[in-house]
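Trainee: Could you walk me through this one with a few questions and answers?
Mentor: Gladly, let's look at it together.

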Amino acid sequence: MLKIEQLSRPGNTPVDPPMLKPVNLEIASGECIVLSGPSGGGKSLLLRVIADLDPNTGEVSLNNEARSRMPAPAWRRRVVYQPAETGWWADDVATHFPDQQAAESMLPRIGLEDDALNWPVSRLSTGEKQRLGLIRTLLLAPEVMLLDEPTSGLDLSTLLPVETLLRERMDAGVIVVLVTHDSEQTKRLACRRMRMADGELIAARD
Amino acid sequence: MSFITLNYWDIALAALLVAVNAGLSIAMHLGLEKRLVIATARMVVQLTLIGLVLKALFAAASPWFTGFAMVVMILFAGREAMARQDRKFTGLWSYGLGTGSMMAAALIVTGFGLMTQLHADPWYEPRYAIPILGMILGNTMNGVSIGLDRLLSGANRERIAIEAQLVLGANIATAMRPVVRDALRAGLIPTINGMSAAGLVSLPGMMTGQILAGVAPVEAVKYQILIMFLIAGGTGLGLFTAVSVARRRLTDTRDRLRLDRLAAA
């Protein structure tokens with residue numbers, strides 16, 4: 001279970017208002033929470049502070065292990081955040097995958113060609129970057145996946161296999177927090193729906 | 001020792017060359033003529049003033065006056081280094097980081113040179129201390145400002161790539177290594193290039209100055225080599241200090257990239 005207690009993102013200076021108002025949330029193993037809301041409402045910010053990428057106050061724990069008691073890199077390997085824009089730090093795709101064999105075995109499942117790891121990053125489309133980014137995340141075998149619009153660049157034929165992969169992980173107990181504007185995807189994946197607006201988390205109305 | 005003294009007409013005649021540059025700028029609509037005139041005026045006024053200050057300092061030969069002049073030089077270098085950066089830290093860090101690292105590096109290396117190689121007597125003898133600090137400081141300032149500029153703008157530009165590694169569990173030192181390496185390389189390259197070209201492409205200013213003043217070329221060369229070593233040492237020390245401290249300030253104990261500590265561009 002992922003337990004979030006009074007998690008907030010203060011303003012950059014003491015006089016600034018908080019960017020994220022205190023969030024309290026419990027997410028059970030295998031549960032998928034879909035976050036929606038207007039742009040700038042704080043959806044990405046919430047995922048970032050759960051992953052401890054931005055300064056924050058409050059506490060987050062995973063299966064009763066407090067985040068503050070473990071080094072941040074160890075936490076982030078268990079609670080992986082995938083930003084909307086997948087980042088690349090080398091020119092070729094392969095460098096981004098420490099276990100290339102494992103990565104190659106996943107390529108066909110998300111509709112990518114067998115030699116995709118040999119491509120330069122510069123030739124990847126947004127959708128290809130998102131799918132390769134997802135493989136990178138999945139290969140860490142995280143217990144929580146914080147996914148920020150991971151399928152916004154995909155059409156239905158490539159999106160459904162990705163959702164199948166996510167559902168398999170959820171069945172295995174992985175927690176998914178998904179930001180999406182796709183109402184059909186929300187219906188297919190959400191166990192619970194929530195909404196972020198003005199830096200505040202509220203349960204979504206049906 | 002003999003040298004040819006210049007009168008003011010000689011200098012005014014040479015100033016015509018700058019006027020030619022300004023004319024070109026006007027003719028080609030470069031829009032640089034105003035900056036050129038201001039820079040020229042600044043150079044003339046600043047050098048004239050420093051000439052008078054040095055004259056007074058040499059006459060006084062006091063450790064306090066010499067020390068004060070050195071501090072003023074370092075404070076100006078800090079301001080100049082800060083002005084050359086596109087991205088800056090917020091608050092006192094912006095000025096303090098560059099100035100502090102330059103002060104430490106330039107003073108250590110100048111002290112080393114004065115006490116161990118030049119054996120100036122007394123050690124604060126302004127005729128040695130001030131020019132040597134000036135040469136070391138000028139080059140250290142270049143290295144520090146280039147290094148800091150590359151680090152801060154690089155971290156800002158590569159934010160997505162750096163965070164892509166952090167979210168997969170990399171530590172911040174690993175994620176920032178390419179940006180840090182680039183900043184250190186960029187800061188050191190002018191010094192390396194300067195040493196490579198010395199004597200072949202360029203005749204360094206100090207050596208040329210000594211030769212014009214009547215010093216034997218071999219003696220002038222020995223001085224120049226010593227200064228090159230001191231410059232390389234000062235630049236490296238200042239650059240490593242500035243980039244290492246800035247790297248720490250750009251991150252925190254939770255392995256985050258703290259771009260919120262940079263002022264808005």
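Trainee: Which helices of chain B do the buried residues of H3(B) pack against?
Mentor: First, this is a predicted model, where local features need pLDDT of at least 70, side-chain atom pairs count only at pLDDT 80 or more, and totals for chains, interfaces and linings use all residues. Residues are numbered from 1 along each chain as its sequence is written, with chains lettered from A and ligands numbered from 1 in the order in which they are written. Helices (DSSP runs of H or I, at least four residues) and strands (E, at least two) are numbered from the N terminus. The buried residues of H3(B) pack against H2 (33-60), H4 (92-117) and H5 (126-157) of chain B.

Trainee: Which residues of H3(B) are buried?
Mentor: Buried means that 20 or more other C-beta atoms, placed from the backbone, lie within 10 Å of the residue's own. In H3(B) these are B:Thr66, B:Ala69, B:Met70, B:Met73, B:Ile74, B:Ala77, B:Gly78 and B:Ala81.

Trainee: Which residues have the most contacts inside the largest nonpolar core?
Mentor: Such a core joins buried Ala, Val, Leu, Ile, Met, Phe, Trp, Tyr and Cys residues through C-beta atoms within 7 Å. The largest has 101 residues. Those with the most contacts inside it are A:Leu146 and B:Met102.

Trainee: How many residues of chain B are in contact with chain A?
Mentor: Contact means C-beta atoms, placed from the backbone, within 7 Å. Chain A brings 20 residues, and their partners in chain B number 15.

Trainee: Which element gives the largest share of chain A's side?
Mentor: Helix H2 (72-78) and strand E6 (79-82) of chain A each supply at least two residues. The largest share, four residues, comes from H2(A).

Notes:
A residue is buried if 20 or more other C-beta atoms lie within 10 Å of its own, exposed if 12 or fewer, and partly exposed in between; C-beta atoms are placed from the backbone. Two residues are in contact if their C-beta atoms, placed from the backbone, lie within 7 Å.
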